[in-house]
Amino acid sequence: MDVDRYSISPPGAELDKEQRIVVRHSKDGNWNSAHYAENVVQKFNQLGYDAVADIKGENGKYPYGRYMAIYRFENEDETYTYEYTSNQYGMKDSGRSNISCNSYGNSVSCTETENQVFGVTGQKTRTATKDITYRTFYLWLYDLGQKDSEGNLRQVLYSAAMTSDDYCSEKYIYNQLIEVAISTMKVGPQSEGEVKIDTSDCPRS
């Protein structure tokens, strides 16, 4: 599976791993986003961050943190048209023939008949359509302790991962997008590339 990744942050942005990240899903985008909060939290923690889900605790309060991570998934369906060449089949000369002769008194009359076989008789250009689903994981990190001149929270980082692969189950794909987007994110100038993932044993869609 090929996954395109992208990350960028504003000039001067910093991300302190020692400070807690509170993870929240965006209400925009795919409804399935809400089901992956713990997966996002787990990936942050595996990489050494202190992350918790933005869920009200037993004390009735939401967790505090220095940063807020907001994520969402989006699925975008697209149909494209393409041309392809296909073989046409039918009966054609085999390159061999039968000769049949008949005699009439002192004369002989012979006829030659080409042997026919079934095979490729030509090619034809055809048009077809294909449906593709692009699945994207978006992630924004904000510094809850800093605001810009307009009073908005300071954005620390933006990261995203996208694939059009549909061989594996959606749940598997979503988790791979989380893995790529968080593990390859970095504070600094634009960073992008492609990550190849072995899907030989993934659950089928």
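# Charged side chains: a surface patch and salt bridges

Strand E4 (residues 67-104) supplies the largest share of the negative patch, namely three residues; strands (E, at least two residues) and helices (H or I, at least four) are DSSP runs, numbered from the N terminus. The model is predicted: local features need pLDDT of at least 70 and side-chain atom pairs count only at pLDDT 80 or more, while totals for chains, interfaces and linings use all residues. Residues are numbered from 1 along each chain as its sequence is written, and side-chain values use heavy atoms, with hydrogens and water left out.

**The negative patch**

- On the surface, Glu76, Asp77, Glu78 and Asp131 gather in a patch of negative charge.
- Such a patch is made of residues with over 30% relative accessible area and no salt bridge, with like charges joined within 9 Å.
- Asp and Glu count as negative and Lys and Arg as positive, whereas His and the chain ends are not counted.
- The place of a charge is taken as NZ of Lys, CZ of Arg, CG of Asp or CD of Glu.
- Aspartate 77 lies in strand E4 and is exposed, with a relative accessible area of 61%.
- Buried means under 20% relative accessible area, exposed over 50%, and partly exposed in between (1.4 Å probe, protein chains only).
- Accessible areas come from the Shrake-Rupley method.

- Aspartate 50 lies in the loop between helix H1 (37-46) and strand E3 (51-53), and arginine 20 in the loop between strand E1 (2-8) and strand E2 (21-25), so the pair ties together parts that are 30 residues apart in sequence.
- Aspartate 50 is partly exposed at 30% relative accessibility, and arginine 20 is partly exposed at 31%.

**Further salt bridges**

- Arginine 72 forms a salt bridge with glutamate 74, with the closest N and O atoms 2.8 Å apart.
- In this pair, arginine 72 is buried, with a relative accessible area of 17%, whereas glutamate 74 is partly exposed at 28%.
- Glutamate 194 and lysine 196 meet through their side chains in a salt bridge (3.5 Å, N to O).
- Glutamate 194 is partly exposed, with a relative accessible area of 47%, while lysine 196 is exposed at 63%.

Note on methods:
Patches are made of residues with over 30% relative accessible area and no salt bridge: like charges are joined within 9 Å, nonpolar side chains (Val, Leu, Ile, Met, Phe, Trp, Tyr) within 5 Å. Accessible areas come from the Shrake-Rupley method with a 1.4 Å probe; for residues, only the protein chains shown count as cover. A salt bridge is a side-chain nitrogen of Lys or Arg within 4 Å of a carboxyl oxygen of Asp or Glu.
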